[in-house]
Each structure stands twice: as structure tokens, then as C-alpha cells.
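Okay, thanks everyone, I'll keep this short. Have a look at the sequence and the structure while I talk through a few spots.

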Amino acid sequence: NAFSPTPKSYKFKRKKVVITFDNIGSGLISKGDKKLQYFAISNDGKNFVWAKAKIKGKKVVVWHKEIKNPKVVRYAWADNPSSANLYTKEGLPATPFQIKK
């Protein structure tokens, strides 16, 4: 059985959020060799900004230079997240999610 990558655990740190994924097959990739897209971050749960995100093994690190104490992270949180590009190497897209501190 093949499943899409889903958040397994997470750590909210001072300036970033580290998300560990389950169901990653042989690894996580940014589809199209572009920077990860469609991650949003907030320090109050109401006002979101587009975040930077980087794959590190089974984890994705999410941050934005103006968010000093993140409380919420979203991925592909939209009706039609066409530019969402976190996938497994086998081609399965990550499921949309929201994580709150």
C-alpha cells in the first residue's frame, strides 16, 4: 500500500517549525526541482505569511524571517493548491495539513 506523506510529529522552535513525516517512501522531494511552495506560517493563528521550507531527510523545516514565535503552520491549505509541491520520490503528494502549537 502506498500512502501520501503526512505529518507524524513536530517541534515549534523560536524561529522555525520542524515537521517529521510518515509515509515518505524512499524520501521527500520538491516536485519540479523548485523550492517548496504553499507553506504558510503565523505567530497568532490569524495572519499568515508565505513561508520558506526546506527538506532535511524525513523532516521539513519551515520559517519566515518576520515570524519570531510561530504558532501555526499550514501546507496546501486551499481549495485548489496547484503549486503545492511536496512529494515522495515515488510521486505521491503530501496531504494538506494545519499544525498548531
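So, Asn 23 sits in the loop between S2 and strand S3, which covers 28-30. Keep in mind that this is a predicted model. Most residues other than glycine have a negative phi.

Now, where else do we get a positive phi in a residue other than glycine? At Ala 76, with phi near 55°. Ala 76 is in the loop between strand S8 (72-75) and strand S9 (86-88). Buried or exposed, this one? Ala 76 is buried, since its relative accessible area is 3%, and the limit is under 20%.

Next loop. Asn 43 lies between strand S4 (39-42) and strand S5 (49-50), and is partly exposed at 35% relative accessible area. What does Asn 43 touch, leaving out residues up to four places away in sequence? Ile 67, Asn 69, Pro 70 and Lys 71. Take Lys 71: it is 28 residues from Asn 43 along the chain, yet their C-alpha atoms are separated by 4.9 Å.

Lys 16 is partly exposed, with 36% relative accessibility.

That's my tour, happy to go back to any of these.

Definitions and conventions:
Residues are numbered from 1 along each chain as its sequence is written. This is a predicted model: local features need pLDDT of at least 70, side-chain atom pairs count only at pLDDT 80 or more; totals for chains, interfaces and linings use all residues. Side-chain values use heavy atoms; hydrogens and water are left out. Buried means under 20% relative accessible area, exposed over 50%, partly exposed in between (1.4 Å probe, protein chains only). Helices (H or I, at least four residues) and strands (E, at least two) are DSSP runs, numbered from the N terminus. Contact means heavy atoms within 4.5 Å.
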